[in-house]
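Hi,

Here is the structure I promised to pass on. Please open it and keep it in view while you read my notes below.

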Amino acid sequence: MSPRSAPPAPTEPPRPFVERRHAPVGPTALSVDMHIHTNFSDAPKCTLDAITERCRESGVGVAVCDHNEIRGAMGLIERDEILCVPALEVGSREKLEFLAYFDDPAKLERFYSREVEPYKRARFFTKLDRSFTHLIPAAKEAGALVCLPHPFGPSYKNVNHGRERKAALFDPHMFRHVDLIEVINGHMRDHRNFKAYMLSEVFEKNVTAGSDAHLPKDIGTIYLRFDRAMDRKGVYDLLHFPIKVGMTTTYRFSNFARTAAGVIPKHLQLFVSRKRQREWVMKYNGGEV
Ligand SMILES: [Fe+2]
């Protein structure tokens, strides 16, 4: 056999994909759905009990990315029953949405209290009174990994929405702050997700995936899968590396309609109800839910 075709003799045992840099803290999971909502934003059926039950059933962890809200994420972290990555979905004045993932719930709380809560708008879940040109660098400063979810979604959920907004987002000084592209989102048709994947390739960004569940049954249908059980800090650390994504479902209009039937009344309720508006902008009370 020529030396060229001979495989190199192994000199040391294969190294794990990423070395563990800390002892596991809290619950672990082999798969994590990186984008779900709770009844603290616009997913009325996703109570903390329902999420916990669903995660226990399917063995997945979650990143709760509520719209401009952390009570759901902090509630699950405090319960400490399932893996929950500290996160939220920030919506800017221009209606650009981005996900911020943290390694530490205290950092999430600090970012929320300083940069999100004071700028909430009473009638809207998804819109803060602050520009993403401030919010994205502020999230980075606070220790977040910034992810663009559903970058080719319809209307304002699309990165191409609005000429000025697009120019500001893709300005190299701004776009360098974006760490991750969500290349599978459960509410996007395949061609939209494929374009998201292409975006990640062109800009050499790492990828993530999530169901964007607003119904308990959708939790865990789209996920990141790891080679061993991860805790929340392990997930955050792995997001710095190229990873593979998976899904167990395909886009179905009937499912989209069921989701909309829950989401739209929640948005309308907030728009018309003074009581709900007062609750929405109330001060964060240190994680009590
Ligand atoms: Fe979302």
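The buried residues of helix 2 are covered by several elements, including helix 1 (48-58), strand 2 (60-64), strand 3 (84-85), strand 4 (87-91) and helix 3 (105-116). Before going on, please note that this is a predicted model.

How many residues of helix 2 are buried? Seven of the nine, in a helix that covers residues 71-79. That is why helix 2 is largely enclosed by the rest of the structure. You can find the buried ones by name: Arg71, Gly72, Ala73, Met74, Gly75, Leu76 and Ile77. A residue counts as buried here if 20 or more other C-beta atoms lie within 10 Å of its own.

Look just past the end of helix 2 as well. Aspartate 80 has a positive phi there, of about 60°.

**Helix 1 against helix 2**

Now turn to one of the covering elements. Helix 1 packs on helix 2 at an angle of about 55°. Their axes are 10 Å apart. Angles under 35 degrees count as roughly parallel, and 65 to 115 as roughly perpendicular. Helix 1 and helix 2 are therefore oblique to each other. The crossing of helix 1 past helix 2 is right-handed.

Which residues make this contact? From helix 1 come Leu48, Ile51 and Thr52. Helix 2 supplies Gly72, Gly75, Leu76 and Arg79. By type, the contact of helix 1 with helix 2 has three nonpolar residues, three polar and one charged.

The spacing along the chain is worth a thought. An α-helix has 3.6 residues a turn, so residues three or four places apart point the same way.

Next, find strand 5, residues 97-101. Five of its five residues are buried, so strand 5 is largely enclosed by the rest of the structure. Both of its faces are covered. Glu97, Leu99 and Tyr101 are buried on one side. Phe98 and Ala100 are buried on the other.

Strand 4 and strand 5 run antiparallel, and five bridges join them. The hairpin of strand 4 and strand 5 has five residues between the strands. Within that hairpin, lysine 95 takes a positive phi near 65°.

Strand 5 is also joined to strand 8 (residues 145-148). How many bridges link strand 5 and strand 8? Three, and these strands run antiparallel. Leucine 145 in strand 8 stands opposite tyrosine 101.

Best wishes

Conventions
Residues are numbered from 1 along each chain as its sequence is written. This is a predicted model: local features need pLDDT of at least 70, side-chain atom pairs count only at pLDDT 80 or more; totals for chains, interfaces and linings use all residues. A residue is buried if 20 or more other C-beta atoms lie within 10 Å of its own, exposed if 12 or fewer, and partly exposed in between; C-beta atoms are placed from the backbone. Helices (H or I, at least four residues) and strands (E, at least two) are DSSP runs, numbered from the N terminus. Two residues are in contact if their C-beta atoms, placed from the backbone, lie within 7 Å. Axes are lines fitted to C-alpha atoms, for helices over the stretch in contact, and angles run from 0 to 180 degrees between N-to-C directions. Angles under 35 degrees count as roughly parallel, over 145 as roughly antiparallel, 65 to 115 as roughly perpendicular and the rest as oblique. A crossing is left-handed if the near helix is turned anticlockwise from the far one by less than a right angle, and right-handed if clockwise. Ala, Val, Leu, Ile, Met, Phe, Trp, Tyr, Cys and Pro count as nonpolar, Asp, Glu, Lys and Arg as charged, and the others, Gly among them, as polar. Two strands pair if DSSP finds at least two bridges between them.
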